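I opened this entry to look up confidence and aromatic contacts. My notes follow in the order I made them.

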Amino acid sequence: MSDETPDGPLQPPRRDDAQDNEPRGGSLGLGAVVGAVALYAVYVLGTMAQGPYAWSASVLAVPAPFIPIVLYLAVAIVLAVRRRTALWGAGLLIGLGAFVLLGGGLCIGFLVQVRA
């Protein structure tokens, strides 16, 4: 026997969710640029901070540089999972990758300059 009925082949039941009709929202490119720039701003301004509120003077001196990354990653994943903000969240995740890639290049460039 086959999986056919007198009306034709079996088809899965159709769901009429409103979510299926919603277009994906946000801008992938804008999310990537805004994400990378925001992360650089946090870390550049964080390393320039001096005094009792600087990362190095805090009890959280070791985990403090990782807190913005964890918060950023959590927000980006939540936005990427929701259909209305999926492109924006994906752009933020790409911006995190660009931040790591460019940051590594800047670090290596700085180390080469210091060594020379």
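I checked confidence before anything else. This is a predicted model, and its protein chain averages a pLDDT of 80. I noted that 66% of the residues score at least 70.

Helix α1 (residues 18–21) is lowest, at a mean of 56. Helix α3 (residues 67–81) is highest, at 92.

Then I turned to the aromatic rings. How many aromatic pairs does the structure hold? I found two.

I took Tyr40 and Phe99 to begin with. Their ring centres are 4.8 Å apart. Their planes meet at 65°, over the 60 degrees cut-off, so I logged the pair as edge-to-face. Tyr40 sits in helix α2 (residues 28–48) and Phe99 in helix α4 (residues 86–115). The two residues are 59 residues apart, so I noted a link between distant parts of the chain.

I went on to Tyr43 and Phe99. This pair is stacked, with 5.5 Å from centre to centre and 25° between the planes. Tyr43 lies in helix α2 and Phe99 in helix α4, so the pair ties together parts 56 residues apart in sequence.

Are these residues buried or exposed? Phe99 has 13% relative accessibility and counts as buried. Tyr43 is buried too, with a relative accessible area of 15%. Tyr40 comes out at 22%, so it counts as partly exposed.

How values were computed: Residues numbered from 1 in each chain as written. Predicted model: local features only at pLDDT ≥ 70, side-chain atom pairs only at ≥ 80, totals over all residues. Heavy atoms only, no water. pLDDT = per-residue confidence, 0-100. Helix = DSSP H or I, 4+ residues; strand = E, 2+ residues; numbered from the N terminus. Phe/Tyr/Trp six-rings, centres within 6.5 Å; stacked < 30°, edge-to-face > 60°. Buried < 20%, exposed > 50% of the residue type's maximum accessible area, 1.4 Å probe, protein only.
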